[in-house]
Amino acid sequence: MIKKLPISFKAIFTTILLFMSLGLFAQRPSAQKPLRLFLIGNSFSQNASAYLPVIAKEAGQALEIGRAEIGGCSLERHWKHVEKAEANSHDPQGKPYKGKSLRMLLSEGVWDVITIQQNSLASTDVNSYQPYASQLYRYIKSIQPNAKIVIHQTWAYRSDAKVFGQIKGAASTQNHEEMWEKSRAAYHKVAKELNAAIFPVGDAFHKVEMEKDYAYKKDEKFDFTKPVYPKLPKQEYSLHSGYFWDNKNFKLDANHASEAGKYLGSLVWYACLFDDSPKNVKFIPANVSPEFAKHLKKVAAKTVKEQTKQFNLSI
């Protein structure tokens with residue numbers, strides 16, 4: 001007959017500690033402390049983060065997003081608003097973000113990651129970034145000293161855009177390729193100066209647009225000289241909004257992201273923020289085909305992996 005041994009309180013406590021050390025009492029995703037992300041940008045930051053909340057939620061990642069965004073806003077303009085607010089806290093010019101200043105928004109709790117970016121038209125002009133990027137960097141750090149500041153690399157316009165990135169005092173860029181090259185060089189230069197990581201959305205866009213099978217191609221059968229409402233040209237695989245009708249006026253937006261472009265941008269941001277492969281994402285926007293979505297996830301994963309070799313993207 002086997003004699004039962006008494007179980008001591010010490011043994012029970014030791015067992016509990018062992019289980020805890022093995023991570024068996026780990027918190028569930030819902031109990032995680034949320035990652036607090038703050039965006040200083042414009043419509044391009046809105047585009048690139050459009051699907052980030054739903055992607056993060058699907059993965060069980062808690063996320064809170066704050067925003068200081070103005071359409072078409074450059075680094076210089078964001079800084080000018082800061083100067084107005086610091087000179088006079090009651091000056092409405094210093095409170096362009098729905099009646100709040102940047103200091104007010106940055107002071108709303110602790111922000112883990114804060115992004116900055118240039119506006120797209122000036123993104124090709126390396127001289128347009130400074131001293132404003134550095135001034136914003138120091139200002140952010142004075143309010144949120146522990147925040148990781150990341151540069152959002154924006155994308156070049158679609159190949160059929162009427163105007164591309166501009167350079168003050170010099171000839172503007174002439175096509176998508178040149179706009180990507182010059183904006184990329186400028187973003188990387190500033191990132192090195194600030195020792196900041198990059199969200200390489202612009203590179204991801206470029207990879208897709210340079211591929212034979214998935215690049216946007218002009219619809220040669222559509223009569224662009226005499227468009228008939230409400231017909232639109234085929235714009236399969238376009239990462240940009242493209243042609244649309246506005247009150248029966250035929251217009252082109254070759255700058256902002258389409259739903260596919262927003263999805264690609266959000267995949268890149270998600271991978272950088274949570275160190276998780278975009279290939280694991282199951283969510284697909286309603287008007288993005290499963291085939292194209294699969295390819296976009298592959299491109300996002302590859303782009304982030306390549307970028308990690310140059311900058312520390314670990315958040």
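These legends describe close-up views of a predicted model. Local features are reported at pLDDT of at least 70, side-chain atom pairs only at pLDDT 80 or more, and totals for chains, interfaces and linings use all residues. Residues are numbered from 1 along each chain as its sequence is written, and side-chain values use heavy atoms, with hydrogens and water left out.

**View 1. The largest nonpolar core and the surroundings of L296.** This core has 48 residues, and F292 and L296 have the most contacts inside it. Helix α9, residues 259–274, gives the most to this core, with 11 residues. A nonpolar core is a set of buried Ala, Val, Leu, Ile, Met, Phe, Trp, Tyr and Cys residues joined through side-chain atoms within 4.5 Å. Buried means under 20% relative accessible area, exposed over 50%, and partly exposed in between (1.4 Å probe, protein chains only). Helices (H or I, at least four residues) and strands (E, at least two) are DSSP runs, numbered from the N terminus. Leaving aside neighbours within four places in sequence, L296 is in contact (heavy atoms within 4.5 Å) with V208, L239, A260, Y263, L264 and L267. Another core, of 32 residues, lies apart from the largest one and includes F38, I40, L102 and A133.

**View 2. Helix α8 against helix α9.** The axes of α8 (residues 201–209) and α9 come within 9 Å and cross at roughly 130°. Axes are lines fitted to C-alpha atoms, for helices over the stretch in contact, and angles run from 0 to 180 degrees between N-to-C directions. The two helices are therefore oblique to each other; angles under 35 degrees count as roughly parallel, over 145 as roughly antiparallel, 65 to 115 as roughly perpendicular and the rest as oblique. On the α8 side the contact is made by V201, A204, F205 and V208, and on the α9 side by G261, L264, G265, V268 and W269. Seven of these residues are nonpolar, two are polar and none is charged. Here Ala, Val, Leu, Ile, Met, Phe, Trp, Tyr, Cys and Pro count as nonpolar, Asp, Glu, Lys and Arg as charged, and the others, Gly among them, as polar.

**View 3. Helix α8 against helix α10.** The axes of α8 and α10 come within 9 Å and cross at roughly 130°, so α8 is oblique to α10. D203, A204, K207 and V208 of α8 meet F292, L296, V299, T303, E306 and Q307 of α10. This contact has five nonpolar, two polar and three charged residues.

**View 4. T115 in strand β3.** T115 is found in strand β3 and counts as buried, at 1% relative accessibility. Apart from neighbours within four places in sequence, T115 is in contact with L37, F38, L39, I40, V150, F199 and W269.

View 5. Most residues other than glycine have a negative phi, and most peptide bonds are trans. A cis bond joins Q130 and P131, with omega about 10°; P131 lies in the loop between β3 (113–116) and α6 (132–143). The bond from Y229 to P230 is also cis, with omega near 5°, and P230 is in the loop between α8 and β6 (240–246). N247, in the loop between β6 and β7 (249–257), has a positive phi near 50° and is exposed, with a relative accessible area of 70%. D275, in the loop between α9 and α10 (290–308), has a positive phi of about 50° and is exposed, with a relative accessible area of 73%.
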